[in-house]
Amino acid sequence: MATDGPAPRAPFVLTIDVGTSSARCALYDASARPVPGTTARRAHEVATSAGGGAELDPDALIASVVALIDQTLSRAGALAREIVCVAPGGFLHTLVGLDAKGRALTPVHLWMDARSDADAAQLRRELDEREVHARTGCMLHWSYLPAKLRWMRRTDPARFARVARFVSFPDHLVAQLLGPGPTSISLGAASGLFDQHRLDWDDEMLRAVGITRAQLLEIARDDRRLSPSRGAIAQRWPALARVPWLVPQGDAALSSIGAGCATRERAALMVGTSVALRVLFRAREVAIPDGVWGYRADETRMLLGGALNDGGSLVAWLQRTLRLPEHDALEAALREPFDDRLLVLPLWAGERSPGWAGRAHGAITGLALHTRAVDVYRAALEGIALRCAELDARVRDAVPEVREVVATGAGLLASTAWQRIVADALGRPLVVSSEGEASSRGAALVALDRLGIVPGVIDGIAPSGPVIAPDPARHARYRALGERQRALYRAVVDHDETGGS
């Protein structure tokens, strides 16, 4: 175990963080610092299919998380005896159908599974989308659960009829380890089936998708803790035999908390597989504005923002597809003068915010014989940054108190050139977070707060890291490029949404 920096300070929190492309487990100390050498990570590959399918195997994913817990506890050594809480969290908008014994009948359907686009369109014909958005904070779009449930009922009615419970994957994971339990406000609130004002399931949406309350989990209040009830926990992990577990939390709020963005003055820009720009703040009641989504993080906090499907996923696709130089050479090339003729609309995986065009596809314009692979790559990074600026404008309208944006997520933190592009596109200071695992740290902070170890710590956390000031001339250039991207968006989306007519 590394010894650089201050010695880890007991007690410790074990965090579990399951995302779209990988899962992580780590030990955090009483100061919410990761204990060196304890972090374990495993990548997993999403199974995609024609028509927009995107799935994970629930059993394989659970086995992977169990192996990660094994690794972290082994690496922690004697420190494991001072673990006081397990804090699980994970990705939003996932759906698993379970039988009466809690066994998975379906794969894990991910937020990026777009096969239910026609079902989302049918819901828009049947319901008033503005009223649904005002209540649930969610649009009638294939990324949310209502459309996925309608798709499942339409395409596989026999299996749909056998499902006793519909749950998120983080809830399924914890149930397999501890036994059945409730879901958290933060996971329920991002489903599209939840009334953000009553903090309960939305009866109209349940009727619209053909399920009952009995097929969903109870919504737990924020102070609920789970206790291991299975001897297998004690046998495999003696250090966790009597340790309470928090109800699993959604990674969106956890990432903002871990980045020090639990205030109206800061927005968190997370670039992982996808991209999200979020503002987390205390509010008992909020009118959810048009153009953004709104999810309850807990009883007292609201999360407003927008999301793009294409972030690290598009970067990875470009790196596989184009013959790009190695990292350092690529970073240097990205700082060279740019070609204003190239323009990318980064909708390879369709669109969520701000337009919610379910059938949208990506586009590249301005190609010429002298265009290099690195030019296309840079234009794609700029295209994502311009879409981030669109989200930022919507968030500014909704929460005008926001003064700075904090960059998080491995995709953005890995490239100083991309950070500069984003700062210039936004036109305001970008704080480059020094926290590499914001959602894991957020889970640790929530646990320290709720267990009373460090009360109020969430509100006192501030971001740390260098600040990139935007260049006025480059920002003006990006404003003009943004106008061109909006025109390209209208042309492409009109074509896609009308089926090319």
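This is a predicted model: local features need pLDDT of at least 70, side-chain atom pairs count only at pLDDT 80 or more; totals for chains, interfaces and linings use all residues.
Residues are numbered from 1 along each chain as its sequence is written, and side-chain values use heavy atoms, with hydrogens and water left out.

**Entry on β20.** I then looked at the pairing of strand β20, residues 301-308, taking strands as DSSP runs (E, at least two residues), numbered from the N terminus, and pairing as at least two DSSP bridges between two strands. Strand β18 (residues 275-282) runs antiparallel to β20 over 8 bridges, and β19 (residues 293-296) is also antiparallel to β20, over 4 bridges. I found L304 of β20 to be the bridge partner of G294, and a hairpin formed by β19 and β20 with 4 residues between them.

For burial I used relative accessible area (buried under 20%, exposed over 50%, partly exposed in between; 1.4 Å probe, protein chains only). Of the 8 residues of β20, 8 are buried: R301, L303, G305 and A307 point one way, while M302, L304, G306 and L308 point the other way.

**Entry on T408.** I placed T408 in strand β23, residues 404-408, and noted that T408 is buried because its relative accessible area is 1%. Leaving aside neighbours within four places in sequence, T408 is in contact with S255, A259, L269, M270, V271, L413, S433 and A438, contact being heavy atoms within 4.5 Å.
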